[in-house]
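Visitor: Could you take me through this one? I would like to start with how the parts touch each other.

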Amino acid sequence: MENRAQSSVRPAHSLPRRIMHWVNVYAVCCMVFSGWEIYNASPDLPFPFPQWATLGGWLGGALAWHLSAVWLLVLNGVAYLLYGIFSGHLRRDLRPPSPRAFLRDFVAALRLRLPHKIGHYNAVQRLFYGGVICILIVEVLTGLSIWKPVQLGGLVSLFGGYVLARNIHLAMMILIVGFIVVHLVLVAIVPRTLVAMVKAVPSDPQETPDV
C-alpha cells in the first residue's frame, strides 16, 4: 500500500527530464531539417526534400545549423544519461523488457488495448525509447565520421568506409523521423502525455510490476 501511495504522488516526469526533453526536441528538429538541406546537395534517394521542410537556405547555412545542433544534442544527451544513471531513471523506467513482456504489450498495442499510465513505461515503450537512444548515438558517430573522414579515419573504418557511413547516417535519420511520427501520433491519441511533459503532474498508480 505504501509503494502504491508513493507512486501515485511521484511526479510523472521530473523537472530536469522535462527540460532535457524539450532541448532534445529542438536539437533533433534542427538536425533533421538542416540535414535534409545537406542531403539535397547530394541525394542518394530518387527525390529531394521540399525546400519548405529544410533549414539553412543553402549547403553552407545548413552545415552551420547542423554542426551547432549536434553539439547541443551531444551535451544534452550526456546530461540525460548521467542524470538517468544517478537518479535511477534508466534502471527504474527504461530497463530492457523481457521478450515475453514485449510480446504481450505489443499484441495489446496492436489490438488497441494497451493502457497508458502516465509516469510509467510499458515494455513496448521501454524497448523503443532505449532503441532510439542507441540510434541517436549511431547517428552522431556516423555524422562525425563523414564530417571529419581524415581526422577520424578509425571511426570511418569502423562503419565500413565513408560511403557506408553516409548511408548508415541516412538510415538512422529515417528511423528517427519514423520514431517522431509514431511518437506524435501517440501523443495525439493520449494528450495527457503532453501535459505531463509541460508541467508537473502526479504519475498514475502502478498496480502490478511491469517485467
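Guide: First a term: contact means heavy atoms within 4.5 Å. This is a predicted model, in which local features need pLDDT of at least 70, side-chain atom pairs count only at pLDDT 80 or more, and totals for chains, interfaces and linings use all residues. Residues are numbered from 1 along each chain as its sequence is written, and side-chain values use heavy atoms, with hydrogens and water left out.

Visitor: Which residues of helix 6 meet helix 8?
Guide: Phe128, Tyr129, Val132, Ile135, Leu136, Val138, Glu139, Thr142, Gly143, Ser145 and Ile146 in helix 6 do so, and among their partners in helix 8 are Tyr162, His169, Met172, Phe179 and His183. The residues of this contact of helix 6 with helix 8 divide into 15 nonpolar, five polar and two charged, where Ala, Val, Leu, Ile, Met, Phe, Trp, Tyr, Cys and Pro count as nonpolar, Asp, Glu, Lys and Arg as charged, and the others, Gly among them, as polar.

Visitor: At what angle do helix 6 and helix 8 pack?
Guide: Helix 6 (residues 123-147) and helix 8 (residues 162-189) pack at about 145 degrees, with their axes 9 Å apart; axes are lines fitted to C-alpha atoms, for helices over the stretch in contact, and angles run from 0 to 180 degrees between N-to-C directions.

Visitor: How many helices and strands are in the chain?
Guide: The chain has nine helices and zero strands, taken as DSSP runs numbered from the N terminus (helices are H or I, at least four residues; strands are E, at least two). Along its principal axes the C-alpha trace spans about 60 × 35 × 35 Å.

Visitor: And helix 3 with helix 6, where do their axes come?
Guide: Those axes come within 11 Å and cross at roughly 140 degrees, and helix 3 and helix 6 are therefore oblique to each other. Angles under 35 degrees count as roughly parallel, over 145 as roughly antiparallel, 65 to 115 as roughly perpendicular and the rest as oblique.

Visitor: What about helix 2 and helix 3, at what angle do they cross?
Guide: Their axes cross at roughly 150 degrees and come within 8 Å, which makes helix 2 roughly antiparallel to helix 3. The residues of the contact of helix 2 with helix 3 divide into 21 nonpolar, five polar and two charged.

Visitor: Switching topic, which element gives the largest share of the lining of the second largest pocket?
Guide: Helix 2 does, with eight residues.
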